[in-house]
Amino acid sequence: MKNKRLLLLAVLSLVIAGLAFGPGLSRLKQSLTLNRQLKEELKQLQFKRVSLEGIDRNLADERVKNMEVIFPSQKPVVQLMSALSQLAVKYNLIFSGINLQPGGLKASEQGLNDLKFGFKVDGNFTSILQFMKELERTAPLMKIDKISLGINTGPYISEAQTLVSGGFEVNAYFQAPPKSLGNITAPVAIVTPDDETVLTNLFGFTQFPVILPVAQVGKPDLFAAVQPEQP
Amino acid sequence: MEVELVKKQLQLIKKHRLMKILGGKILTGLIFFLALFLVALSSSSLLVNQANQRLEQQAALIKGQISSLSEIENKQTYLMAKLSSFKTLLTKQARHQAIAETVFGLLPQGAALKGFEINESGNIQLSGTVPDWLTLKLLTERIREPRAEELAILKADVTKVSYNQGEEIAFDITLQLSGGKGGNEK
(Lines give C-alpha, C1' and ligand atoms only; values in the text may rest on other atoms or scores of the structure.)
Protein backbone atom coordinates (compact mmCIF):
# COMPACT_ATOMS: atom_id res chain seq x y z
CA MET A 1 0.00 0.00 0.00
CA LYS A 2 2.79 2.31 1.03
CA ASN A 3 4.87 1.40 -2.05
CA LYS A 4 1.88 2.02 -4.32
CA ARG A 5 1.42 5.45 -2.81
CA LEU A 6 5.10 6.22 -3.34
CA LEU A 7 4.93 5.08 -6.95
CA LEU A 8 1.84 7.19 -7.55
CA LEU A 9 3.59 10.14 -6.00
CA ALA A 10 6.67 9.63 -8.23
CA VAL A 11 4.54 9.39 -11.37
CA LEU A 12 2.58 12.47 -10.35
CA SER A 13 5.83 14.34 -9.74
CA LEU A 14 7.14 13.37 -13.16
CA VAL A 15 3.93 14.48 -14.86
CA ILE A 16 3.99 17.80 -13.03
CA ALA A 17 7.69 18.25 -13.89
CA GLY A 18 6.98 17.38 -17.51
CA LEU A 19 4.13 19.88 -17.65
CA ALA A 20 6.23 22.54 -16.00
CA PHE A 21 9.46 22.04 -17.95
CA GLY A 22 8.26 20.42 -21.20
CA PRO A 23 7.39 23.60 -23.11
CA GLY A 24 10.57 25.29 -21.87
CA LEU A 25 12.73 22.39 -22.93
CA SER A 26 10.98 22.19 -26.29
CA ARG A 27 11.53 25.91 -26.90
CA LEU A 28 15.19 25.58 -25.96
CA LYS A 29 15.58 22.66 -28.34
CA GLN A 30 13.99 24.68 -31.16
CA SER A 31 16.20 27.67 -30.39
CA LEU A 32 19.30 25.47 -30.44
CA THR A 33 18.28 23.96 -33.80
CA LEU A 34 17.67 27.45 -35.18
CA ASN A 35 21.03 28.52 -33.78
CA ARG A 36 22.81 25.73 -35.64
CA GLN A 37 20.96 26.60 -38.87
CA LEU A 38 21.75 30.29 -38.52
CA LYS A 39 25.43 29.55 -37.87
CA GLU A 40 25.56 27.37 -40.98
CA GLU A 41 23.75 30.00 -43.05
CA LEU A 42 26.07 32.72 -41.79
CA LYS A 43 29.07 30.60 -42.70
CA GLN A 44 27.70 30.10 -46.24
CA LEU A 45 26.91 33.79 -46.59
CA GLN A 46 30.36 34.81 -45.39
CA PHE A 47 31.96 32.39 -47.84
CA LYS A 48 29.78 33.71 -50.65
CA ARG A 49 30.63 37.32 -49.82
CA VAL A 50 34.36 36.55 -49.75
CA SER A 51 34.05 34.66 -53.05
CA LEU A 52 32.20 37.54 -54.71
CA GLU A 53 34.64 40.11 -53.37
CA GLY A 54 37.48 38.03 -54.77
CA ILE A 55 36.17 38.14 -58.35
CA ASP A 56 37.91 40.59 -60.64
CA ARG A 57 35.07 42.87 -61.85
CA ASN A 58 36.84 44.06 -64.98
CA LEU A 59 37.84 40.56 -66.04
CA ALA A 60 34.32 39.21 -65.42
CA ASP A 61 32.87 42.12 -67.38
CA GLU A 62 35.18 41.44 -70.33
CA ARG A 63 34.44 37.72 -70.21
CA VAL A 64 30.68 38.28 -70.20
CA LYS A 65 30.91 40.68 -73.15
CA ASN A 66 33.04 38.23 -75.12
CA MET A 67 30.89 35.25 -74.13
CA GLU A 68 27.78 37.05 -75.36
CA VAL A 69 29.43 37.75 -78.71
CA ILE A 70 31.00 34.30 -79.11
CA PHE A 71 28.32 32.14 -77.52
CA PRO A 72 25.20 34.33 -77.61
CA SER A 73 22.02 33.99 -75.61
CA GLN A 74 19.77 34.45 -78.62
CA LYS A 75 19.71 33.15 -82.18
CA PRO A 76 22.69 34.91 -83.77
CA VAL A 77 21.36 35.25 -87.35
CA VAL A 78 22.42 38.86 -87.97
CA GLN A 79 25.83 38.36 -86.38
CA LEU A 80 26.37 35.24 -88.50
CA MET A 81 25.56 36.92 -91.78
CA SER A 82 27.72 39.85 -90.90
CA ALA A 83 30.68 37.75 -89.71
CA LEU A 84 30.60 35.36 -92.68
CA SER A 85 30.36 38.07 -95.30
CA GLN A 86 33.16 40.07 -93.68
CA LEU A 87 35.33 36.99 -93.28
CA ALA A 88 34.83 36.15 -96.95
CA VAL A 89 35.79 39.70 -97.92
CA LYS A 90 38.90 39.45 -95.73
CA TYR A 91 40.15 36.51 -97.83
CA ASN A 92 38.89 37.82 -101.22
CA LEU A 93 36.27 35.11 -101.51
CA ILE A 94 32.88 35.26 -103.16
CA PHE A 95 30.28 34.47 -100.54
CA SER A 96 26.93 33.22 -101.82
CA GLY A 97 24.08 30.78 -101.56
CA ILE A 98 23.36 31.02 -97.89
CA ASN A 99 20.77 28.59 -96.68
CA LEU A 100 19.45 28.97 -93.14
CA GLN A 101 17.43 26.37 -91.31
CA PRO A 102 15.89 28.29 -88.44
CA GLY A 103 13.22 25.61 -88.01
CA GLY A 104 15.75 22.99 -87.02
CA LEU A 105 16.17 24.18 -83.49
CA LYS A 106 16.04 21.91 -80.53
CA ALA A 107 17.38 22.60 -77.09
CA SER A 108 19.57 20.03 -75.39
CA GLU A 109 19.41 19.13 -71.72
CA GLN A 110 21.81 21.94 -70.94
CA GLY A 111 19.65 24.39 -72.90
CA LEU A 112 22.11 24.43 -75.79
CA ASN A 113 20.51 25.35 -79.10
CA ASP A 114 21.98 25.05 -82.55
CA LEU A 115 21.25 26.85 -85.77
CA LYS A 116 22.15 24.99 -88.96
CA PHE A 117 23.00 26.81 -92.13
CA GLY A 118 24.84 26.28 -95.37
CA PHE A 119 26.67 28.61 -97.74
CA LYS A 120 29.10 28.63 -100.64
CA VAL A 121 32.39 30.39 -101.10
CA ASP A 122 34.49 30.62 -104.21
CA GLY A 123 38.10 31.63 -104.38
CA ASN A 124 41.60 30.28 -104.54
CA PHE A 125 42.78 27.24 -102.62
CA THR A 126 44.88 29.07 -100.01
CA SER A 127 42.19 31.64 -99.29
CA ILE A 128 39.55 28.98 -98.74
CA LEU A 129 41.86 27.06 -96.44
CA GLN A 130 42.55 30.23 -94.43
CA PHE A 131 38.83 31.05 -94.42
CA MET A 132 38.08 27.60 -93.09
CA LYS A 133 40.74 27.87 -90.40
CA GLU A 134 39.43 31.23 -89.23
CA LEU A 135 35.76 30.31 -89.50
CA GLU A 136 35.84 28.24 -86.35
CA ARG A 137 37.70 30.97 -84.49
CA THR A 138 35.18 33.61 -85.48
CA ALA A 139 32.37 34.88 -83.31
CA PRO A 140 29.63 33.67 -82.99
CA LEU A 141 30.85 30.14 -82.33
CA MET A 142 30.48 27.91 -85.39
CA LYS A 143 31.38 24.32 -86.15
CA ILE A 144 31.85 22.98 -89.66
CA ASP A 145 29.53 20.01 -90.05
CA LYS A 146 29.94 19.12 -93.71
CA ILE A 147 32.16 20.28 -96.53
CA SER A 148 31.91 19.76 -100.24
CA LEU A 149 34.74 21.00 -102.38
CA GLY A 150 35.21 21.38 -106.06
CA ILE A 151 38.74 22.11 -107.19
CA ASN A 152 38.68 23.34 -110.79
CA THR A 153 41.98 23.22 -112.56
CA GLY A 154 43.48 22.73 -115.97
CA PRO A 155 46.86 22.33 -117.67
CA TYR A 156 47.24 26.09 -118.21
CA ILE A 157 46.06 27.17 -114.74
CA SER A 158 48.68 27.75 -112.06
CA GLU A 159 48.12 26.68 -108.44
CA ALA A 160 47.59 30.28 -107.39
CA GLN A 161 44.82 30.65 -109.96
CA THR A 162 43.06 27.38 -109.10
CA LEU A 163 39.44 28.14 -108.38
CA VAL A 164 37.93 26.24 -105.49
CA SER A 165 34.21 26.08 -104.79
CA GLY A 166 33.50 25.24 -101.18
CA GLY A 167 30.08 24.28 -99.91
CA PHE A 168 29.87 24.41 -96.13
CA GLU A 169 27.26 23.23 -93.71
CA VAL A 170 27.85 24.88 -90.39
CA ASN A 171 26.28 24.77 -86.94
CA ALA A 172 26.13 27.93 -84.86
CA TYR A 173 25.33 27.70 -81.18
CA PHE A 174 23.53 29.76 -78.62
CA GLN A 175 22.26 29.21 -75.10
CA ALA A 176 19.81 31.23 -73.04
CA PRO A 177 21.19 32.58 -69.76
CA PRO A 178 19.95 31.21 -66.42
CA LYS A 179 16.56 32.58 -65.41
CA SER A 180 17.39 33.31 -61.78
CA LEU A 181 20.28 33.50 -59.38
CA GLY A 182 18.67 31.04 -57.00
CA ASN A 183 18.71 31.25 -53.22
CA ILE A 184 20.87 33.98 -51.69
CA THR A 185 22.70 31.38 -49.62
CA ALA A 186 23.43 29.29 -52.70
CA PRO A 187 27.20 29.28 -53.18
CA VAL A 188 28.64 31.19 -56.07
CA ALA A 189 30.37 28.89 -58.53
CA ILE A 190 34.12 29.31 -58.44
CA VAL A 191 36.19 29.19 -61.60
CA THR A 192 38.65 26.31 -61.45
CA PRO A 193 42.10 26.48 -63.14
CA ASP A 194 40.66 24.22 -65.86
CA ASP A 195 37.76 26.62 -66.39
CA GLU A 196 40.24 29.51 -66.52
CA THR A 197 41.97 27.81 -69.44
CA VAL A 198 38.64 27.46 -71.26
CA LEU A 199 37.72 31.07 -70.52
CA THR A 200 41.00 32.35 -71.98
CA ASN A 201 39.68 31.04 -75.32
CA LEU A 202 37.09 33.83 -75.21
CA PHE A 203 39.82 36.30 -76.07
CA GLY A 204 41.15 34.40 -79.09
CA PHE A 205 38.12 34.75 -81.36
CA THR A 206 37.95 37.09 -84.34
CA GLN A 207 35.10 39.52 -83.87
CA PHE A 208 33.58 41.49 -86.70
CA PRO A 209 31.36 44.50 -86.06
CA VAL A 210 27.70 43.81 -86.72
CA ILE A 211 26.64 45.99 -89.62
CA LEU A 212 23.06 47.18 -89.28
CA PRO A 213 21.30 49.98 -91.15
CA VAL A 214 21.23 53.00 -88.85
CA ALA A 215 19.93 55.68 -91.19
CA GLN A 216 16.32 55.64 -92.29
CA VAL A 217 16.06 54.87 -95.95
CA GLY A 218 13.15 55.99 -98.09
CA LYS A 219 10.33 58.36 -97.47
CA PRO A 220 9.30 58.59 -93.81
CA ASP A 221 5.71 59.64 -94.60
CA LEU A 222 4.27 58.18 -97.77
CA PHE A 223 1.36 60.61 -97.77
CA ALA A 224 3.36 63.78 -97.26
CA ALA A 225 3.02 66.40 -99.97
CA VAL A 226 5.85 66.34 -102.49
CA GLN A 227 7.95 69.45 -102.19
CA PRO A 228 8.77 70.91 -105.62
CA GLU A 229 12.49 71.01 -106.25
CA GLN A 230 14.05 74.45 -106.03
CA PRO A 231 15.47 75.60 -109.35
CA MET B 1 5.52 -5.43 29.75
CA GLU B 2 3.67 -2.13 29.65
CA VAL B 3 6.93 -0.23 29.87
CA GLU B 4 8.30 -2.09 26.81
CA LEU B 5 5.16 -1.20 24.78
CA VAL B 6 5.55 2.49 25.52
CA LYS B 7 9.22 2.28 24.58
CA LYS B 8 8.34 0.69 21.22
CA GLN B 9 5.67 3.30 20.58
CA LEU B 10 8.09 6.06 21.43
CA GLN B 11 10.66 4.63 19.00
CA LEU B 12 8.03 4.44 16.29
CA ILE B 13 6.96 8.04 16.85
CA LYS B 14 10.62 9.09 16.77
CA LYS B 15 11.17 7.22 13.55
CA HIS B 16 8.11 8.84 11.97
CA ARG B 17 9.28 12.27 13.04
CA LEU B 18 12.71 11.61 11.57
CA MET B 19 11.15 10.41 8.35
CA LYS B 20 8.99 13.53 8.15
CA ILE B 21 11.98 15.79 8.76
CA LEU B 22 14.00 13.90 6.16
CA GLY B 23 11.10 13.95 3.68
CA GLY B 24 10.66 17.65 4.25
CA LYS B 25 14.36 18.24 3.62
CA ILE B 26 14.31 16.13 0.47
CA LEU B 27 11.21 17.97 -0.76
CA THR B 28 12.80 21.35 -0.04
CA GLY B 29 15.99 20.23 -1.83
CA LEU B 30 13.96 18.99 -4.77
CA ILE B 31 12.00 22.22 -5.01
CA PHE B 32 15.22 24.19 -4.77
CA PHE B 33 16.81 22.03 -7.49
CA LEU B 34 13.76 22.38 -9.74
CA ALA B 35 13.70 26.14 -9.25
CA LEU B 36 17.39 26.24 -10.11
CA PHE B 37 16.76 24.10 -13.18
CA LEU B 38 13.91 26.38 -14.23
CA VAL B 39 16.15 29.43 -13.91
CA ALA B 40 18.95 27.69 -15.85
CA LEU B 41 16.48 26.66 -18.54
CA SER B 42 15.06 30.15 -18.90
CA SER B 43 18.54 31.71 -18.91
CA SER B 44 19.79 29.28 -21.55
CA SER B 45 16.74 29.91 -23.67
CA LEU B 46 17.22 33.65 -23.32
CA LEU B 47 20.92 33.43 -24.19
CA VAL B 48 20.30 31.22 -27.21
CA ASN B 49 17.54 33.55 -28.42
CA GLN B 50 19.85 36.53 -28.05
CA ALA B 51 22.57 34.67 -29.95
CA ASN B 52 20.04 33.85 -32.67
CA GLN B 53 19.05 37.49 -32.93
CA ARG B 54 22.70 38.49 -33.28
CA LEU B 55 23.21 35.82 -35.94
CA GLU B 56 20.11 36.99 -37.81
CA GLN B 57 21.36 40.57 -37.72
CA GLN B 58 24.78 39.48 -39.02
CA ALA B 59 23.12 37.38 -41.74
CA ALA B 60 20.92 40.33 -42.76
CA LEU B 61 24.02 42.55 -42.91
CA ILE B 62 25.91 40.06 -45.10
CA LYS B 63 22.82 39.54 -47.30
CA GLY B 64 22.80 43.29 -47.86
CA GLN B 65 26.48 43.20 -48.78
CA ILE B 66 25.84 40.28 -51.15
CA SER B 67 22.93 42.15 -52.73
CA SER B 68 25.24 45.08 -53.40
CA LEU B 69 27.50 42.60 -55.24
CA SER B 70 24.59 41.19 -57.27
CA GLU B 71 25.98 42.59 -60.54
CA ILE B 72 29.15 40.54 -60.22
CA GLU B 73 27.12 37.54 -59.04
CA ASN B 74 24.91 37.83 -62.14
CA LYS B 75 27.95 37.84 -64.36
CA GLN B 76 29.57 34.92 -62.59
CA THR B 77 26.33 32.87 -62.73
CA TYR B 78 25.94 33.70 -66.41
CA LEU B 79 29.52 32.66 -67.18
CA MET B 80 29.37 29.45 -65.20
CA ALA B 81 26.01 28.48 -66.75
CA LYS B 82 27.46 28.78 -70.23
CA LEU B 83 30.90 27.45 -69.43
CA SER B 84 29.99 23.77 -69.48
CA SER B 85 28.43 23.91 -72.96
CA PHE B 86 31.17 26.20 -74.22
CA LYS B 87 33.84 23.79 -73.01
CA THR B 88 32.15 20.84 -74.77
CA LEU B 89 31.78 22.82 -77.97
CA LEU B 90 35.40 23.94 -77.97
CA THR B 91 36.64 20.38 -77.52
CA LYS B 92 34.43 19.07 -80.34
CA GLN B 93 35.26 22.05 -82.50
CA ALA B 94 39.03 21.58 -82.23
CA ARG B 95 38.67 17.97 -83.36
CA HIS B 96 36.30 18.93 -86.17
CA GLN B 97 38.62 21.68 -87.36
CA ALA B 98 41.57 19.28 -87.44
CA ILE B 99 39.54 16.72 -89.42
CA ALA B 100 38.28 19.34 -91.89
CA GLU B 101 41.80 20.66 -92.43
CA THR B 102 43.21 17.15 -92.88
CA VAL B 103 40.53 16.23 -95.44
CA PHE B 104 41.05 19.55 -97.21
CA GLY B 105 44.81 18.99 -97.30
CA LEU B 106 44.44 15.52 -98.79
CA LEU B 107 42.67 16.66 -101.95
CA PRO B 108 44.86 17.21 -104.96
CA GLN B 109 44.09 19.79 -107.64
CA GLY B 110 41.24 18.76 -109.85
CA ALA B 111 39.57 16.64 -107.18
CA ALA B 112 36.02 17.35 -106.14
CA LEU B 113 34.66 16.31 -102.79
CA LYS B 114 30.93 15.73 -102.60
CA GLY B 115 31.01 15.53 -98.88
CA PHE B 116 32.50 13.88 -95.87
CA GLU B 117 30.69 12.35 -92.97
CA ILE B 118 31.88 11.02 -89.67
CA ASN B 119 30.04 7.92 -88.53
CA GLU B 120 29.47 6.67 -84.97
CA SER B 121 32.68 4.62 -84.91
CA GLY B 122 34.71 7.74 -85.74
CA ASN B 123 35.42 6.69 -89.35
CA ILE B 124 35.29 9.37 -92.01
CA GLN B 125 33.52 8.56 -95.27
CA LEU B 126 34.89 10.56 -98.18
CA SER B 127 33.18 10.57 -101.53
CA GLY B 128 34.07 12.61 -104.58
CA THR B 129 35.48 12.60 -108.07
CA VAL B 130 38.87 13.05 -109.74
CA PRO B 131 39.39 13.93 -113.42
CA ASP B 132 42.03 11.26 -114.18
CA TRP B 133 43.96 8.30 -112.81
CA LEU B 134 47.01 10.42 -112.07
CA THR B 135 45.01 12.61 -109.68
CA LEU B 136 43.59 9.51 -108.00
CA LYS B 137 47.15 8.20 -107.56
CA LEU B 138 48.14 11.56 -106.06
CA LEU B 139 45.19 11.34 -103.68
CA THR B 140 46.13 7.86 -102.51
CA GLU B 141 49.75 8.95 -102.07
CA ARG B 142 48.64 11.86 -99.88
CA ILE B 143 46.52 9.49 -97.81
CA ARG B 144 49.55 7.25 -97.40
CA GLU B 145 51.80 10.13 -96.40
CA PRO B 146 49.82 13.10 -95.06
CA ARG B 147 51.52 16.38 -94.30
CA ALA B 148 53.16 16.80 -90.88
CA GLU B 149 50.69 19.43 -89.60
CA GLU B 150 47.68 17.22 -90.27
CA LEU B 151 46.17 14.39 -88.23
CA ALA B 152 47.79 11.01 -88.81
CA ILE B 153 45.77 8.51 -90.84
CA LEU B 154 45.56 5.28 -88.89
CA LYS B 155 43.61 3.34 -91.48
CA ALA B 156 42.35 4.04 -94.99
CA ASP B 157 40.13 1.87 -97.22
CA VAL B 158 39.27 2.72 -100.78
CA THR B 159 35.78 1.25 -100.80
CA LYS B 160 34.75 2.23 -104.32
CA VAL B 161 36.33 3.45 -107.56
CA SER B 162 34.06 3.71 -110.58
CA TYR B 163 34.93 4.93 -114.05
CA ASN B 164 32.95 5.32 -117.21
CA GLN B 165 34.52 6.28 -120.52
CA GLY B 166 34.69 10.06 -120.89
CA GLU B 167 33.52 10.70 -117.33
CA GLU B 168 35.34 11.53 -114.13
CA ILE B 169 36.51 8.82 -111.76
CA ALA B 170 34.27 8.55 -108.68
CA PHE B 171 35.72 7.31 -105.41
CA ASP B 172 34.59 6.39 -101.90
CA ILE B 173 37.24 6.27 -99.20
CA THR B 174 36.91 5.43 -95.50
CA LEU B 175 39.49 7.02 -93.22
CA GLN B 176 40.30 6.60 -89.57
CA LEU B 177 42.22 9.56 -88.21
CA SER B 178 44.26 9.76 -85.02
CA GLY B 179 42.65 11.26 -81.94
CA GLY B 180 39.29 9.57 -82.49
CA LYS B 181 37.96 6.33 -81.07
CA GLY B 182 40.83 3.91 -80.89
CA GLY B 183 43.24 6.52 -82.19
CA ASN B 184 45.86 8.55 -80.43
CA GLU B 185 45.77 12.30 -80.09
CA LYS B 186 48.43 13.84 -82.18
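B:Lys87 and A:Asp194 join their side chains in a salt bridge at 2.9 Å, N to O. The term covers a side-chain nitrogen of Lys or Arg within 4 Å of a carboxyl oxygen of Asp or Glu. The model is predicted: local features need pLDDT of at least 70, side-chain atom pairs count only at pLDDT 80 or more, and totals for chains, interfaces and linings use all residues. Residues are numbered from 1 along each chain as its sequence is written, and side-chain values use heavy atoms, without hydrogens and water.

Some totals for the interface of chain B and chain A follow.

| Item | Value |
|---|---|
| Salt bridges | 6 |
| Residue pairs in polar contact, both at pLDDT 80 or more | 15 |
| Buried area | about 6300 Å² |

A polar contact is a pair of N or O atoms within 3.5 Å; within protein, one must be able to donate a hydrogen and the other to accept it, and residues adjacent in sequence count only if both atoms are side-chain atoms. Buried area is the accessible area (1.4 Å probe) that two parts lose on being put together, summed over both. Carbon and sulfur atoms carry 70% of the area buried here. In chain B, B:Lys82, B:Phe86 and B:Phe104 lose the most area to chain A, together 12% of what that side buries.

The contact (heavy atoms within 4.5 Å) draws 56 residues from chain B and 71 from chain A.

Within chain B, strand 2 (residues 124-130) pairs with strand 4 (residues 169-177) in the antiparallel sense over 7 bridges. Strands are DSSP runs (E, at least two residues), numbered from the N terminus; pairing needs at least two DSSP bridges. B:Leu126 has B:Ile173 of strand 4 as its bridge partner.

Definitions and conventions
Chains lettered and ligands numbered in written order. Helix = DSSP H or I, 4+ residues; strand = E, 2+ residues; numbered from the N terminus.
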